[in-house]
Amino acid sequence: MFRMWGKIFKENRLVKDTVIENDSTELNRTRKIFDAIESICYEFDLSKPIWLESTIKDFQIHDKTRFSQDNFIEAIDFDFLEIQVIEEDY
């Protein structure tokens with residue numbers, strides 16, 4: 001089972017969160033990550049964030065990253081969206 005936790009923070013407080021699960025054995029890790037981000041953005045009614053170099057590096061090292069206003073084309077009314085892989089199937 002693959003699970004990703006999406007959290008929205010505003011003024012250093014957790015405002016919204018969700019956990020997206022994917023138990024498909026046919027999808028690779030990258031596809032599961034992008035599907036989970038798409039589901040998180042749909043649930044929070046957000047546009048998809050843009051992956052910047054710093055975002056990619058953080059995610060590769062920690063399986064966790066933050067998307068701030070720099071990662072979105074539209075204006076956002078929160079400080080950042082944080083995603084974190086909390087469970088992976090190997």
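User: What makes a set of grid points a pocket, and which residues line one?
Analyst: On a 1 Å grid over the protein atoms alone, a pocket is an open set of points with protein on both sides within 12 Å along at least five of seven lines, and lining residues have an atom within 4 Å of a point. This is a predicted model, in which local features need pLDDT of at least 70, side-chain atom pairs count only at pLDDT 80 or more, and totals for chains, interfaces and linings use all residues. Residues are numbered from 1 along each chain as its sequence is written, and side-chain values use heavy atoms, with hydrogens and water left out.

User: Which residues line the second largest pocket?
Analyst: The lining consists of Arg29, Thr30, Ile33, Phe34, Trp51, Ile56, Phe59 and Gln60. Four of these residues come from α1, the largest share.

User: Why is Glu88 called buried?
Analyst: Buried means under 20% relative accessible area (1.4 Å probe, protein chains only). Glu88 has 19%, so Glu88 counts as buried.

User: Why does Asn22 count as buried?
Analyst: The relative accessibility of Asn22 is 15%, under the 20% limit, and therefore Asn22 is buried.

User: What makes the pair Glu88 and Arg29 a polar contact?
Analyst: A polar contact is a pair of N or O atoms within 3.5 Å; within protein, one must be able to donate a hydrogen and the other to accept it, and residues adjacent in sequence count only if both atoms are side-chain atoms. The side chains of Glu88 and Arg29 are joined at 2.6 Å, so the pair qualifies.

Note on methods:
Buried < 20%, exposed > 50% of the residue type's maximum accessible area, 1.4 Å probe, protein only. 1 Å grid on protein atoms, 1.4 Å probe; cavity = no way out; pocket = protein on both sides within 12 Å on 5 of 7 lines; lining within 4 Å. Helix = DSSP H or I, 4+ residues; strand = E, 2+ residues; numbered from the N terminus.
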